[in-house]
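Subject: Structure handover

Hello,

Here is the structure I said I would pass on. Please open it alongside this email.

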Amino acid sequence: QNEMVKAAILGVGLSLLMAFLVLLAATRNWWVSLFGLVNITGISAVFLGLVPLIGWSLGENECIFLIAVVGLSVDYSVHLLHVYNHSKEPDRVGRAKDALGEMGISVT
């Protein structure tokens, strides 16, 4: 079990580092990339918190799922942040509305 925890931490840490680099390359804005990283970290933390609540122990499959969760959240975050970053709206509230209007529908 201890080795699984170490592997999960290493896998998620490397995935988050790669996620930040992908966000940075996609948006070319470190501030927006940082917000995306916070979003991805939050999604991963929620998944990790749900694992014991549904009665799972941290095994091989759960470690793989946790890394996949990072990957899936990167996909959505990159699209959302890309639309936000390229919005023609002058202020951040308008940009957020534009991004959610364009990409938010894909979540529902």
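This is a predicted model: local features need pLDDT of at least 70, side-chain atom pairs count only at pLDDT 80 or more; totals for chains, interfaces and linings use all residues.

Helix packing

Helix α1 covers residues 2–27 and helix α2 covers residues 30–53. Their axes lie 9 Å apart, and the two helices pack at an angle of about 145 degrees. The crossing of α1 with α2 is right-handed. On the α1 side the contact is made by Leu16, Ala19, Phe20, Leu23, Leu24 and Thr27. On the α2 side the residues are Trp30, Val32, Ser33, Leu34, Gly36, Leu37, Ile40 and Thr41.

The loop between α1 and α2 contains arginine 28. Most residues other than glycine have a negative phi. Arginine 28 is not a glycine, yet its phi is positive, at about 55 degrees. Its relative accessibility is 75%, so arginine 28 counts as exposed.

The next pair is α2 and α3. Their axes come within 9 Å and cross at roughly 150 degrees. Angles over 145 degrees count as roughly antiparallel, so α2 is roughly antiparallel to α3. This crossing of α2 and α3 is right-handed. The contact residues of α2 include Val32, Gly36, Ile40, Phe47 and Val51. Those of α3 include Glu62, Phe65, Val69, Leu81 and Tyr84.

Helix α3 (residues 60–85) also packs against helix α4 (residues 92–103), at an angle of about 135 degrees and with the axes 8 Å apart. The two are therefore oblique to each other. The crossing of α3 and α4 is right-handed. From α3, the residues that meet α4 are Tyr76, His79, Leu80, Val83, Tyr84 and Asn85. Among their partners in α4 are Arg92, Arg95, Ala99 and Met103.

Tyrosine 84 has a further feature: arginine 95 lies over the face of its ring, 5.8 Å from the ring centre.

Glycine 101 is also found in α4. With a relative accessible area of 58%, glycine 101 is exposed. What separates glycine 101 from leucine 53 in sequence and in space? They are 48 residues apart in sequence, and the C-alpha to C-alpha distance is 33 Å.

Aromatic rings

How many aromatic pairs does a search of the whole structure find? There are 3. In one of them, the rings of tryptophan 30 and tryptophan 31 have their centres 5.4 Å apart. Their planes are at 75 degrees, so this pair is edge-to-face. Tryptophan 30 is exposed, at 55% relative accessible area, while tryptophan 31 is partly exposed, at 46%.

Another pair joins tryptophan 56 and phenylalanine 65, with ring centres 6.4 Å apart. The planes of these two rings are at 45 degrees, so the pair is tilted. Tryptophan 56 is partly exposed at 38% relative accessibility, and phenylalanine 65 is partly exposed at 40%.

Ring pairs also link Trp30, Trp31 and Phe35 into a cluster.

Regards

Key
Residues are numbered from 1 along each chain as its sequence is written. Side-chain values use heavy atoms; hydrogens and water are left out. Rings of Phe, Tyr and Trp (its six-membered ring) pair if their centres lie within 6.5 Å; planes under 30 degrees apart count as stacked, over 60 as edge-to-face and the rest as tilted. Buried means under 20% relative accessible area, exposed over 50%, partly exposed in between (1.4 Å probe, protein chains only). A charge sits over a ring if NZ of Lys or CZ of Arg is within 6 Å of the ring centre and within 35 degrees of the ring normal. Axes are lines fitted to C-alpha atoms, for helices over the stretch in contact, and angles run from 0 to 180 degrees between N-to-C directions. Helices (H or I, at least four residues) and strands (E, at least two) are DSSP runs, numbered from the N terminus. Angles under 35 degrees count as roughly parallel, over 145 as roughly antiparallel, 65 to 115 as roughly perpendicular and the rest as oblique. A crossing is left-handed if the near helix is turned anticlockwise from the far one by less than a right angle, and right-handed if clockwise. Contact means heavy atoms within 4.5 Å.
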